[in-house]
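Hi everyone, thanks for coming. Please take a look at the structure on the screen, and I'll walk you through a few parts of it.

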Amino acid sequence: MMSDESEDPSYPSFRRLSVLIVEDEAIISFLIEDVLRELGCKVVRNVACIEDAFAALDEAAPDVAVLDVNLDGVEVYPVAERLRARGIPFVFTTGYGADGLAPDWADRPVVQKPFRSESLARALEAVLAEA
């Protein structure tokens, strides 16, 4: 984790944020978690399926979420619906980029896999600014 002195000043402060990661690929989930912790996120929770995402949301509302569009063949949109209803900002991740989103979600920020830390940080910055 980066110290306060070494944080990149071009990024907003993510230090107080709790983040829910909904991603079925363990390696990618850990990569996202590492990026978020390097950005200074305080709490990061990883889940791999819709049911676990709902349970996590029932336990504690995150400040922001990162959602993989395809969870082992199941689309993550029910989780996105719940987040939107609660006013919790989120970004999608997918290997297909914006073309991988259902038309109803085409206006939402998407980070195409594989992605760089900067891409995820900028997408989170954008959705948090809208909140």
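What you see is a predicted model, where local features need pLDDT of at least 70, side-chain atom pairs count only at pLDDT 80 or more, and totals for chains, interfaces and linings use all residues. Residues are numbered from 1 along each chain as its sequence is written, and side-chain values use heavy atoms, with hydrogens and water left out.

When I name helices (H or I, at least four residues) and strands (E, at least two), I mean DSSP runs, numbered from the N terminus.

Let's begin with strand β3, residues 64-68. How many of its residues are buried? Five of its five, so to speak a mostly covered strand. Val64, Val66 and Asp68 point one way, while Ala65 and Leu67 point the other way.

Now for its neighbours. Strands pair if DSSP finds at least two bridges between them. Strand β1, residues 18-22, is joined to β3 by four bridges, and the two run parallel. Val19 has Val64 as its bridge partner in β3. Strand β6, residues 90-94, also runs parallel to β3, with four bridges joining them. There, Phe92 in β6 is the residue opposite Leu67.

Please keep an eye on Asp68, which lies in strand β3. Its relative accessibility is 5%, which is why Asp68 counts as buried. What does the UniProt record say about Asp68? An unreviewed entry there carries the annotation "modified residue: 4-aspartylphosphate" for Asp68. A word on such records: positions are given in the numbering used here, feature names are shortened, and annotations may be inferred rather than shown by experiment.

Which residues are in contact with Asp68, leaving aside neighbours within four places in sequence? They are Val22, Glu23, Asp24, Val76, Thr93, Thr94 and Lys113. Contact here means heavy atoms within 4.5 Å.

That brings me to salt bridges. Side chains of opposite charge can pair when their charged atoms come close. The rule used here asks for a side-chain nitrogen of Lys or Arg within 4 Å of a carboxyl oxygen of Asp or Glu. A search of the whole structure finds nine of them.

Through salt bridges that share partners, Glu23, Asp68 and Lys113 belong to one network.

Another salt bridge is formed by Arg37 and Glu33, with the closest N and O atoms 3.0 Å apart. These two are four residues apart in helix α1 (residues 26-38), so about one helical turn separates them. Arg37 counts as partly exposed, at 26% relative accessibility, and Glu33 as buried, at 14%.

Then there is Arg86 with Asp58, where the closest N and O atoms are 3.4 Å apart. This one also links distant parts of the chain: Arg86 is in helix α3 (residues 77-86) and Asp58 in helix α2 (residues 50-59), 28 residues apart. Arg86 is partly exposed at 41%, and Asp58 is exposed at 54%.

My last stop is the aromatic rings. Rings of Phe, Tyr and Trp (its six-membered ring) pair if their centres lie within 6.5 Å; planes under 30 degrees apart count as stacked, over 60 as edge-to-face and the rest as tilted. By this rule there are five aromatic pairs. Tyr77 and Phe92 make an edge-to-face pair, 5.7 Å centre to centre with 75 degrees between the planes. Because Tyr77 lies in helix α3 and Phe92 in strand β6, the pair ties together parts that are 15 residues apart in sequence. Both Tyr77 and Phe92 are buried.

Phe90 and Phe92 are edge-to-face as well, at 5.3 Å centre to centre and 80 degrees between the planes. Phe90 is buried, with a relative accessible area of 2%, and Phe92 counts as buried at 0%. Which residues make up the aromatic cluster? Tyr77, Phe90, Phe92 and Trp105 form it together.

Note on methods. Buried means under 20% relative accessible area, exposed over 50%, partly exposed in between (1.4 Å probe, protein chains only).
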